[in-house]
Every structure is written in structure tokens, then in C-alpha cells.
Amino acid sequence: MKITEIRYGMLRVPLKTPFKTALRTVDVIEDIIVEIHTDTGNIGYGEAPATAVITGDTHGSIIEAIAKFIAPRLIGQDVANLNRITQLIQTSLEKNSSAKAAVEIAVYDLFGQLYNAPLYKMLGGGDPVVTTDLTISVDYIDKMVADSIQAVERGFEALKIKVGKDIGVDIERIKAIYAAVEDRALLRLDANQGWTAKQAVYALQTLEDAGVKLELVEQPVKAQDLDGMRYVTERVHTPIMADESVFGPTQVIELIRMRAADIINIKLMKTGGISSAIHIADIAALHGIECMIGCMLETSISVAAAVHLAVAKANVITKVDLDGPSLCAFNPVDGGVNFNESEISITDAPGLGIREIRGLQRL
Ligand SMILES: C[C@H](N)C(=O)N[C@H](CCC(=O)O)C(=O)O
Ligand SMILES: [Mg+2]
């Protein structure tokens with residue numbers, strides 16, 4: 001199975017409600033879709049969101065990176081040589097992690113199709129069902145409480161609460177949500193870099209003293225502030241998770257060396273795809289560090305790849321934040337992974353199992 005052509009499209013999917021974090025507000029997912037065509041007629045699918053505020057990727061940079069740097073190296077490559085292809089992708093240019101991820105995901109999709117097996121089996125196998133949390137956008141306190149109650153009523157047993165705005169209001173937000181859903185859902189906070197280290201310690205110690213139980217707190221401080229992250233990790237009982245601070249294995253090794261965080265959030269759009277995500281999971285496992293598998297604002301195309309990886313690395317990736325498809329107003333994919341609120345399940349279809357993407361605008 002040889003790669004003959006790489007095509008692109010723009011996929012627009014409205015969100016059910018605006019997605020609001022300390023970094024941005026989004027109403028519509030607008031992601032670049034990659035199709036890798038082969039001489040056997042098989043097509044592999046990938047997706048890249050333009051999360052400029054986190055990865056630096058824009059629609060223009062994703063297309064340019066693939067068209068000028070990655071695609072020319074892949075034409076004619078045999079999909080059976082997976083490791084050679086991932087190496088070609090990862091060394092094609094610096095950074096541009098979402099562009100690399102989209103192409104890698106499509107290649108892994110083809111690799112599963114080549115051997116007629118679902119991707120998770122090619123990655124080592126596992127139990128093909130996972131449970132995701134749901135994100136609660138940062139908003140007025142009453143709205144966040146109502147959204148949290150509604151999420152619990154929809155069956156979500158873990159909520160990812162977005163904070164990182166005014167520290168005093170954030171503390172009130174969390175206390176109010178905890179009082180409303182206390183025994184019915186695990187609470188994860190994500191400050192998306194919105195606090196200083198001292199603010200984070202103040203907020204988390206205040207919440208701990210008030211008896212508010214949090215499963216973890218994600219990225220309390222700026223991405224580059226590993227000293228600040230360690231300062232927080234050393235002073236609170238609540239586990240601290242690194243997200244924007246870690247993209248690839250080098251940063252993970254440094255974070256572990258510094259003991260700056262307790263948990264690592266792996267996202268394919270930061271790692272540049274599956275190959276590097278596997279390296280991170282293996283490094284974390286060697287050091288006894290737990291990982292979360294997360295996503296950006298992505299549909300069921302690239303999130304499907306993250307699900308396959310999570311299933312195959314279930315002993316490392318013990319926390320799942322793959323709610324992108326649940327945030328979408330509709331599923332643009334025919335086939336693929338089944339996203340049913342909190343429960344996500346994989347079929348036996350080869351690769352990612354995607355048959356068609358509806359509403360794709362060719363570029
Ligand atoms: C969608 C997911 N639950 C999430 O919250 N991801 C964010 C980044 C999303 C974005 O801004 O596109 C995160 O974990 O920081
Ligand atoms: Mg995060």
C-alpha cells in the first residue's frame with residue numbers, strides 16, 4: 001500500500017454551547033482534515049485544529065507545513081514501513097505539532113487498514129471502551145453550577161471545570177459546584193495557565209481547608225514556568241497535572257527530573273501524533289507517573305485516534321478527557337469510534353473505521 005496523494009479540507013462543526021477557557025472562547029470547530037490516498041484505493045483520515053494560543057498552529061501554517069514540508073517526503077512511501085514514515089514526518093520541520101499529528105493519524109489509520117485490524121490492536125490491544133469527562137466552561141457561577149448539574153444528569157462521572165480567571169471568583173465557582181455535585185462526580189480543574197504560582201497555592205490550600213475534594217488541577221501556571229509548577233506541586237495535597245508545559249518527550253523528561261508535576265496530559269496535537277505520544281507514555285510508565293489523554297477542540301476524527309491510543313495504554317493513560325465530540329452539535333463522521341456521551345467504544349473496523357466525513361469543504 002503506497003501513498004499517492006495527500007488532500008485537505010476544512011471541516012466546520014458548531015459547538016452545542018460556547019467553549020470558554022482562561023485562554024479563549026470558541027463557538028465553532030474549524031479544523032483542517034487530511035486525507036491520505038493510496039494505490040490500493042484505501043484512504044487514511046487525520047484532523048488538525050488551529051489552536052494558536054496553545055500550539056501556535058493556524059489554518060495557514062497547518063496547510064503550509066503539510067503541503068511544503070511533510071507531503072513531498074511521503075509520496076511513494078509504503079505504509080508497511082510505519083516507523084520510517086513517522087520519522088520522516090517528525091523530522092520534516094520544527095514545531096507544527098498539529099500538522100504532524102493530522103498526517104501521522106492518517107498514516108496510522110492506513111496501517112490498521114493494511115493489516116485489516118482496528119488501530120488499538122495494532123498498538124497492543126486492550127479493552128475497547130473508555131469513559132470521558134465533560135468540560136464545564138468558565139462562566140458566571142450560577143451558569144457553571146447549572147451546567148455541572150446537567151452534565152451529571154447526562155451521566156458524566158468526572159467534570160473538568162475551567163477556571164484561571166479572577167482567583168477569588170474561581171474559589172467561589174469551585175465551592176459552589178462542589179456543593180452541588182459533591183458525591184456524584186469527580187472534579188478536575190483546568191486553569192489553562194491563568195494563575196500565578198502563589199495564587200494557585202492560595203486557592204488550592206483554601207479549597208483543601210474548606211474540605212473541597214479535587215481529583216487534580218491542570219496547568220495552574222504559565223506553560224514556561226516549570227519552577228512555578230514545582231512550587232505549587234510541593235505545597236498542595238491536590239495532584240498537579242502539566243498540560244501546556246509539555247509537548248514532547250524532552251519536556252516530559254525535564255518535568256519529571258524537576259518533580260514539577262504529578263500527572264502529564266498527553267494530547268496528540270501537542271505531541272505531533274501517536275509515535276511521540278507512545279514515547280511519552282513509556283517514559284511516564286518507567287517513572288511511575290500517571291497520564292491523562294486529552295484533546296483540543298477536535299471532532300470524532302482525530303479524537304478517535306486518541307481513543308485507540310488510550311485503550312492500548314490504559315495502565316498509563318488512566319484519565320480520559322476526550323470530550324471534543326460530546327461538545328459538537330453533531331457528529332460529521334460516518335463510521336469511526338462510537339461517542340455516546342461519557343461512554344466511548346471502538347468497533348472492529350480496520351484502522352480508525354471512518355467511512356465518510358460529511359460537510360467537508362475541499363481546499
Ligand atoms: C476539549 C478539552 N476538554 C479541553 O478542555 N482542552 C483544553 C484545550 C482546548 C482548546 O482550547 O482547544 C485543555 O485541556 O486545556
Ligand atoms: Mg488543559
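Mentor: The lining of the second largest pocket divides into seven nonpolar, five polar and six charged residues (Asp, Glu, Lys and Arg count as charged; Ala, Val, Leu, Ile, Met, Phe, Trp, Tyr, Cys and Pro as nonpolar; the others, Gly among them, as polar). This is a predicted model, in which local features need pLDDT of at least 70 and side-chain atom pairs pLDDT 80 or more, while totals for linings use all residues. Residues are numbered from 1 along each chain, and side-chain values use heavy atoms, without hydrogens or water.

The pocket has a volume of about 300 Å³. A pocket here is an open set of points on a 1 Å grid where a 1.4 Å probe fits, with protein on both sides within 12 Å along at least five of seven lines, and lining residues have an atom within 4 Å of a point. Of the 18 lining residues, Thr17, Thr135, Asp147, Arg154 and Leu327 lie nearest the centre. S1 has the largest share, with six residues.

An N or O atom in the side chain of Thr135 is 2.8 Å from a nitrogen atom of ligand 1. For Lys160, a side-chain N or O atom is 2.9 Å from an oxygen atom of ligand 1.

Technical notes. Chains are lettered from A and ligands numbered from 1 in the order in which they are written. A polar contact is a pair of N or O atoms within 3.5 Å; within protein, one must be able to donate a hydrogen and the other to accept it, and residues adjacent in sequence count only if both atoms are side-chain atoms. Grid points are joined across faces, edges and corners, and a volume is the space filled by probe spheres set on the points. Helices (H or I, at least four residues) and strands (E, at least two) are DSSP runs, numbered from the N terminus.
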